[in-house]
Amino acid sequence: MNYHPISPDQKVHITFLGCGNITAVHAKAIKKINQNIELSFASRTLEKARIYSLKYKGNYAYGSYEEAIESPNVNVVMINTPPHLHFDLAKKSLESGKHVIVEKPPFFRSADFDILGPLAEKNQLHLMVAENYFYRPLRSHIKSAVQSGLIGQPLFVQINATKLQKSKQDWREEKSLNGYGALFEGGIHWANFVNNIGLSVSKVTGFQPIRQAELERSMQVVAETEEGAIINLLYSWEVNTLFFGLRLSRIYGTEGSVTFESNGLFTFIRGRKWSVKLPVFSKITGNKPMWEDFIHCIITGVKPQFHWEDAKRDLWYVEQAYKIN
């Protein structure tokens, strides 16, 4: 599948829908990669859009999302609003002939991709999800260790993704805006990780400890794989970790093990060969390589490394954990 590339006589012009913290993160990342990309910002108030445009060297500011989507200056729309707006804004953007990038979590249902994915493909437009965990060096290190046979047959994967995250008293706490709880909003990163380490997930079961709020803040998710390995994910916003969030996770195989720091600081492989892998720290979060891939694909029209069908699978994992039919 080839996508409409940006014409050589045009600049890539990305407009951000929503002016929150995540927009600032992405705007900074893009400017570090390519100074020739134009940015614009849209908010429900023109004043806020102008503030962001001034701060992050934007070319335009829009006082509504619809105005930005319809602008002839824009050829790429990035949706950074709360999740309940993602589907409609993505659909409008694709219908307006714009490439679309959606912040995670992308939509409320994996089936939403069955509507928007074919619409994007029909119009030869990108529908991409800003899932930086896919592009983290940690994921590729783990996948290499699993598929290389260095630890033999993988048996158990234990992922510690616990942390203490205080309530922000925003859309994350409102079911009508967020839909679900911590696993959906932040744990979907780890759904992506589980789905892309060289094992094929076949069944997912979620368990919730004592619930203290309408939207869960802790989940244990057990995944069975076609290869026979069992993946156990502990995701929480309620666990006070040591050393500012450093956590250890492990993979146990028949001939060795992999120990890795969950943030990606190191990966230690003990098996047929022993090795320690460290990330390039400018790429440790995955944001830089993600944007390098996205921009390359937008300019050239090639398929991104992380496709919308992959993002659909991540949402399926979360749905199964919540037992959503």
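Reader: Which residue in strand 5 does Val-77 stand opposite?

Author: Start with the pairing of strands. This is a predicted model. In it, strand 4 (residues 76–79) pairs with strand 5 in the parallel sense, over four bridges. Val-77 stands opposite Val-100.

Reader: What stands opposite Val-100 in strand 6?

Author: Leu-127 does. Strand 6 (residues 127–130) runs parallel to strand 5, and four bridges join them.

Reader: Through which helix does the chain cross from strand 5 to strand 6?

Author: Follow the chain from strand to helix to strand. It crosses through helix 5 (residues 112–122), and this β-α-β crossover is right-handed. Strand 4, helix 4 (residues 86–95) and strand 5 also make a right-handed β-α-β unit.

Reader: How many residues of strand 5 are buried?

Author: Check each face of the strand in turn. Five of its five residues are buried. His-99, Ile-101 and Glu-103 lie on one side, Val-100 and Val-102 on the other.

Reader: Which residues have the most contacts inside the largest nonpolar core?

Author: Ile-14 and Trp-291, in a core of 90 residues. Helix 8 (residues 182–195) gives the largest share of this core, eight residues. Now look around Trp-291. Its contacts beyond its sequence neighbours include Ile-14, His-26, Met-78 and Ile-101.

Reader: Is Asp-314 buried or exposed?

Author: Asp-314 lies in helix 10 (residues 308–322). Asp-314 is buried, yet has no salt bridge. The nearest side chain of opposite charge, Arg-313, is 5.6 Å away.

Conventions: Residues are numbered from 1 along each chain as its sequence is written. This is a predicted model: local features need pLDDT of at least 70, side-chain atom pairs count only at pLDDT 80 or more; totals for chains, interfaces and linings use all residues. Side-chain values use heavy atoms; hydrogens and water are left out. A nonpolar core is a set of buried Ala, Val, Leu, Ile, Met, Phe, Trp, Tyr and Cys residues joined through side-chain atoms within 4.5 Å. Buried means under 20% relative accessible area, exposed over 50%, partly exposed in between (1.4 Å probe, protein chains only). Helices (H or I, at least four residues) and strands (E, at least two) are DSSP runs, numbered from the N terminus. Contact means heavy atoms within 4.5 Å. Lys and Arg count as positive and Asp and Glu as negative; His and the chain ends are not counted. A salt bridge is a side-chain nitrogen of Lys or Arg within 4 Å of a carboxyl oxygen of Asp or Glu. Two strands pair if DSSP finds at least two bridges between them. A crossover is right-handed if, with the strands pointing away from the viewer, the path from the first strand over the helix to the second runs clockwise. Lists of a residue's contacts leave out its neighbours within four places in sequence.
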